Amino acid sequence: MADVTHTPRVFSGIKPSGGLTLGNYLGAIKKFVQTQDSEMETIYCVVDLHAVTVWQDPADLTHATREVAAGYLASGLDPAKSILFNQSRVSGHAELGWLFNCVARVGWMNRMTQFKEKAGKNAEKQSLGLYAYPSLMAADILLYHATHVPVGEDQKQHVELTRDIASKFNHDFKAEGFFPLPEPVIEGPATRVMNLRDGTKKMSKSGESDMERINMTDDADKIAKKFRKARTDPDALPDNYEGLKDRPEARNLVDIYAALSDTTAEAVITEYAGAGWGQFKPALADLAVDKLAPISEEMARLMADPAEIDRTLAAGADRAREIAEPILSKTFDIMGFVRG
Ligand code: ATP
Ligand code: MG
């Protein structure tokens with residue numbers, strides 16, 4: 001249902017928990033860049049507070065924060081059109097995150113499939129932050145009264161939780177309509193790019209093996225090698241997309257091709273019907289190199305001047321704070337905190 005009471009505003013973020021992958025690019029960054037030319041105000045974040053929910057070596061966190069920012073900029077994100085900053089510079093995220101920890105219910109968090117996947121059999125040994133992170137994510141979005149959240153498929157449940165938190169807050173504090181109920185925006189052929197070695201798992205920057213993902217900084221040889229070694233079945237490509245229904249690895253490569261070439265998976269299948277992997281994989285590698293090489297070159301150029309990246313992030317944080325502060329202040333008022 002469309003939100004009619006709030007000005008349309010977009011918020012999304014990426015964790016500096018490692019180097020950017022093709023999944024981050026196709027599922028998130030590419031869409032962020034497209035959205036910045038719409039009428040909506042766009043706010044994009046490097047969510048460093050989320051990264052530390054699992055151990056990050058301090059030097060790696062610093063590097064990854066700048067590298068995610070460089071990835072955004074190199075892909076075409078324009079700080080004049082979008083607000084770009086890193087989360088920890090705007091303290092309102094952590095403050096509203098705490099308030100939402102007191103709104104969200106333990107039962108809701110227990111249903112979050114991503115925690116179960118990430119924690120595996122070691123749930124007891126995970127940080128409390130990893131368990132609570134969806135409530136901080138709700139704060140990231142609602143601190144700006146954002147109405148639209150472009151994300152990959154894996155984040156759908158967390159945006160739904162954000163709606164539950166907004167609704168419960170509005171209801172409990174008799175503040176109907178104060179927080180918007182944001183919509184996840186999950187569109188296109190690459191909303192869930194899969195792991196190249198196991199088509200049932202998503203590609204992640206923190207995944208175990210480097211061979212399971214394409215990194216935004218991989219060179220042409222590495223990209224070609226990873227696609228060549230990507231797991232597939234022995235069959236040729238079918239002549240319709242339905243034919244890929246039970247072939248997750250094959251479908252993934254076709255979806256990636258479609259997203260990289262800005263077309264549909266159906267169009268790719270029509271073009272490559274009957275083709276074997278010996279033909280399709282090199283074509284996919286060439287396409288990926290074509291699209292990614294200019295971005296990784298620009299990322300390297302930007303990373304040579306970290307001070308400039310830091311200045312961009314600091315300026316973005318100033319603009320973010322201007323939007324966030326009145327909303328946070330009003331939230332404290334609604335809850336009855338004495339602040340005057
Ligand atoms: P981590 O393994 O540390 O969780 P990640 O690769 O999942 O890293 P995130 O920072 O958690 O990256 O997610 C950033 C954005 O990228 C989110 O919108 C998420 O939905 C999207 N995204 C992540 N992986 C994929 C993927 N494989 N396909 C499509 N979108 C993805
Ligand atoms: Mg993730």
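## Structural report on a predicted single-chain model

By the sulfur-distance rule, the count of disulfides is 0, a disulfide being a pair of cysteine sulfur atoms within 2.5 Å. This is a predicted model in which local features need pLDDT of at least 70 and side-chain atom pairs count only at pLDDT 80 or more, while totals for chains, interfaces and linings use all residues; side-chain values use heavy atoms, with hydrogens and water left out. Residues are numbered from 1 along each chain as its sequence is written, and chains are lettered from A and ligands numbered from 1 in the order in which they are written.

**Overall architecture**

The chain contains 13 helices and 5 strands. Its radius of gyration is 21 Å, close to the 20 Å that the globule rule gives for 340 residues, so the chain is as compact as a globular protein of that length. The radius is taken over C-alpha atoms, and the globule rule is 2.2 Å times the number of residues to the power 0.38. Helices (H or I, at least four residues) and strands (E, at least two) are DSSP runs, numbered from the N terminus. Along the principal axes, the C-alpha trace spans about 70 × 45 × 45 Å.

Of the 340 residues, 50% are buried. Buried denotes under 20% relative accessible area, exposed over 50%, and partly exposed in between (1.4 Å probe, protein chains only). Among contacts (heavy atoms within 4.5 Å) with a separation of 6 or more, 77% join residues 24 or more positions apart.

Helix α7 covers residues 128-142; at 1.5 Å a residue its 15 residues should span 21 Å, and its end C-alpha atoms are 22 Å apart, which agrees. The expected span is 1.5 Å times one less than the number of residues. A kink of about 45° is centred on Pro134 in α7; the bend at a residue is the angle between axes fitted to the seven residues ending there and the seven starting there. The helix is mostly covered, with 12 of its 15 residues buried, including Leu130, Tyr133 and Pro134.

Asp140 lies in α7 and is listed by UniProt, in an unreviewed entry, under "binding site". UniProt positions are in the numbering used here, feature names are shortened, and annotations may be inferred rather than shown by experiment. Leaving aside neighbours within four places in sequence, Asp140 is in contact with Phe11, Val47, His50, Gln87 and His93.

Leu26 is found in helix α1 (residues 22-35). Residues up to four places away in sequence not being counted, Leu26 touches Lys31, Ala190, Val193, Ile256, Ala259 and Leu260. Leu26 and His148 are 122 residues apart in sequence and 18 Å apart in space, C-alpha to C-alpha.

**Loop residues and accessibility**

His145, in the loop between α7 and β4 (148-150), has a positive phi near 50° although it is a residue other than glycine. Lys174, in the loop between α8 (156-172) and β5 (183-185), likewise has a positive phi, of about 50°, and is not a glycine. Accessibility values for selected residues follow.

| Residue | Relative accessible area | Class |
|---|---|---|
| Leu26 | 3% | buried |
| Cys45 | 0% | buried |
| Cys102 | 45% | partly exposed |
| Asp140 | 2% | buried |
| His145 | 12% | buried |
| Lys174 | 77% | exposed |
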